[in-house]
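Student: I would like to go through the terms used for this structure and see what stands behind each of them.

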Amino acid sequence: MKILISYLLLALLITSLTLHAQVGWKKQTSGTTNNLYSMTFSDAVFSAGFAMGENGTILTTLDQGVFWQPMNSNTTASIFAMTFPYPDTGFAIGSENSFLKTTDQGLNWFSFTTLTTPQPRDIFLPQSSRAGYIVGDSGLIVRTTTGGATWGAPINIGSSRNLHAMAFL
């Protein structure tokens, strides 16, 4: 009987935490029919944001996600991930080994370099940092120590597993 009561209390606790976590979330209209894969914000106060997805879709918001506007990415490749190490400078990676860069807060994107490695899936350069990483298929990890200006050779981690995302604490 104690075990049953314990399970019921645990279920009640988990349910209440789940319900509390959903408070404040609101459905947003993106204005695109393309699938969106990821989003990021280029500033610490989360006002300037970007959503990215298939067929070169980039959407931007300047009001914390209330309204979204399409941007010209100059590519038809799907965009998987984006990072902004500096407020004006951002990088995006996508299908077909595409690698894009902006130097004007995302207003204009241009092909930055060709990645000849396995398909990249995620990119991360912390704000105001010179070090960053790209991860991808077949255990791909590539590092920069120049703020994204140059990228080193792939790092061998001894795995051929696909890496789809990374996070740093």
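Tutor: Start with exposure: buried means under 20% relative accessible area, exposed over 50%, and partly exposed in between (1.4 Å probe, protein chains only). This is a predicted model, where local features need pLDDT of at least 70, side-chain atom pairs count only at pLDDT 80 or more, and totals for chains, interfaces and linings use all residues. Residues are numbered from 1 along each chain as its sequence is written, and side-chain values use heavy atoms, with hydrogens and water left out.

Student: Why does Asp137 count as buried?

Tutor: Asp137 has 14% relative accessibility. That is under 20%, so Asp137 is buried.

Student: Why is the link of Arg121 with Asp137 called a salt bridge?

Tutor: A salt bridge is a side-chain nitrogen of Lys or Arg within 4 Å of a carboxyl oxygen of Asp or Glu. The closest N and O atoms of Arg121 and Asp137 are 3.0 Å apart, so the pair qualifies. The structure holds 1 salt bridge. Arg121 is in strand 9 (residues 120-124) and Asp137 in the loop between strand 10 (132-136) and strand 11 (140-144), 16 residues apart. Strands here are DSSP runs (E, at least two residues), numbered from the N terminus.

Student: Why are strand 9 and strand 11 said to stand at the edges?

Tutor: Two strands pair if DSSP finds at least two bridges between them. The open sheet has 3 strands in the order 9-10-11, with antiparallel pairing. Strand 9 and strand 11 each have a single partner strand, so one side of each is left without a neighbour in the sheet.

Student: How do you know that strand 9 and strand 10 pair?

Tutor: They are joined by 4 bridges, and at least two are required, so they pair.

Student: Why is the pair of Phe91 and Phe99 called tilted?

Tutor: Rings of Phe, Tyr and Trp (its six-membered ring) pair if their centres lie within 6.5 Å; planes under 30 degrees apart count as stacked, over 60 as edge-to-face and the rest as tilted. For Phe91 and Phe99 the centres are 6.0 Å apart and the planes at 45 degrees, so the pair is tilted.

Student: What makes the pair of Phe99 and Trp151 edge-to-face?

Tutor: The centres are 5.8 Å apart, and the angle between the planes is 65 degrees. That angle is over 60, so the pair is edge-to-face. Both Phe99 and Trp151 are buried.
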